[in-house]
Amino acid sequence: MAKQDESGQLHIRAIIYDLDGVLVSTDEYHFRAWKRLADEEGIPFDRTINERLRGVSRMESLSIILERSTRKYSREEQRQLAERKNGYYVDSLSDLGPEAILPGARETVDAVHLLGLKQAVASSSKNAPRILEQTGLSELFDSAVDGSMISHSKPDPEVFLKAAEALSTEPGGCVVVEDAVSGIQAAKAAGMLSFAVASAARADEERQDGDNPVGAWKRAPDLSDNALVKAVEPFVHIPQNR
Ligand code: G6P
Ligand code: MG
């Protein structure tokens, strides 16, 4: 559960950001690389199916795509397919730079730093370190956990728990920022609050009263207009001149 004092007051101490689709527009590059692979293999794949791939590891993403395949692929063939997709994806990253940073992301990270909170990136992607470097975001964070450091991808809480540990912060004091429904579920499983953006925010709005609510703590279309800072500020109780 999120950290509260005796009066029920929340104490937010750290922000943990997903990368693809939250800080950087690389979620679209993932989609294009999978689409190219699926088209080459004659497997139906579209943006609706793609929603299920958000936050999920490379091999698990492939399994979701192969649900619609008419033929079976051996383990070795699956490994080769995943490698091919990663080749397409990595090629598309060659020109990636700071222009790929999503609206409001950079300003949010700067403002959160001024609030005195710790900040980490937690991504299921093994390509996360390279993306953080190329966009110049790397140095802004106290810690980063990526796909090569975890055994289970979202909705498993592992990546977020590792990030909280690296920040020496209890899960209940962390807010996770996510564009993936699997990421919101992972945050919940980690005992953290979640701030849904983009796709996860839309799903949260659509399903808030349904049988299967997403259940984000707060949501916004993206990080522009200081949306995250406005949401967390009332719950920050850290001396500003740390
Ligand atoms: C992130 C993305 C997923 C991607 C996964 C693995 O979680 O949201 O779409 O499949 O990372 O990425 P990788 O770069 O390791 O293939
Ligand atoms: Mg994402």
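Start with helix 5 (residues 105-115), where Ala105, Thr108, Val109, Ala111, Val112 and Leu115 are buried. Buried here means under 20% relative accessible area, exposed means over 50%, and partly exposed lies in between (1.4 Å probe, protein chains only). Helices (H or I, at least four residues) and strands (E, at least two) are DSSP runs, numbered from the N terminus. An α-helix has 3.6 residues a turn, so residues three or four places apart point the same way.

Before going on, note that this is a predicted model, in which local features need pLDDT of at least 70 and side-chain atom pairs count only at pLDDT 80 or more, while totals for chains, interfaces and linings use all residues. Residues are numbered from 1 along each chain as its sequence is written, chains are lettered from A and ligands numbered from 1 in the order in which they are written, and side-chain values use heavy atoms, with hydrogens and water left out.

**Around helix 5.** Contact means heavy atoms within 4.5 Å. Then select glycine 116, which follows helix 5 and has a positive phi, near 95°.

**Helix 3.** Next, select residues 58-66, which form helix 3; the buried residues there are Ser61, Leu62, Ile64, Ile65 and Leu66. Among the elements that cover them are helix 1 (26-41), helix 2 (47-50) and helix 4 (75-92).

**The magnesium ion.** Select ligand 2, a magnesium ion. Which residues coordinate the magnesium ion? Asp18 (OD), Asp20 (O) and Asp179 (OD) do so, at 2.0 to 2.2 Å. Donors are N, O and S atoms within 2.8 Å of the metal (3.2 Å for Na, K and Ca); water is not among the atoms, so sites may look incomplete. Along the chain, the donors of this ion follow the spacing D-x1-D-x158-D. Two of these residues can be checked for burial: aspartate 18 counts as buried because its relative accessibility is 4%, and aspartate 20 also counts as buried, at 11%.

Move to cysteine 174, which is found in strand 4. Is cysteine 174 buried or exposed? Cysteine 174 has a relative accessible area of 0%, so it is buried. Not counting residues up to four places away in sequence, cysteine 174 touches Ala14, Ile16, Ala164, Thr169, Met192 and Leu193. For leucine 193, 19 residues away along the chain, the C-alpha atom is separated from that of cysteine 174 by 6.4 Å.

Now select glutamate 170, in the loop between helix 7 and strand 4 (174-178). Glutamate 170 is exposed, with a relative accessible area of 51%. Methionine 192 lies 22 residues from glutamate 170 in sequence and 9.0 Å from it in space, C-alpha to C-alpha.

**Valine 181.** Select residues 181-190 for helix 8, where valine 181 has its place. At 21% relative accessibility, valine 181 counts as partly exposed. Leaving aside neighbours within four places in sequence, valine 181 is in contact with Ala200, Ala203, Arg207 and Val214.

**Backbone stops.** Three further places can be selected in turn.

- Lysine 154 to proline 155: the peptide bond is cis, with omega near 15°. Proline 155 is found in the loop between strand 3 (143-145) and helix 7 (158-166).
- Alanine 198: phi is positive, about 50°, although this residue is not a glycine. Its place is in helix 9 (residues 198-207).
- Asparagine 226: phi is near 60°, a positive value in a residue other than glycine. Asparagine 226 sits in the loop between strand 6 (218-220) and helix 10 (227-232) and is partly exposed, with a relative accessible area of 35%.

**The whole chain.** Finally, zoom out. The secondary structure comes to 10 helices and six strands. The C-alpha trace spans about 60 × 40 × 30 Å along its principal axes. Of the 242 residues, 52% count as buried. Among contacts with a separation of 6 or more, 66% are accounted for by residues 24 or more positions apart.
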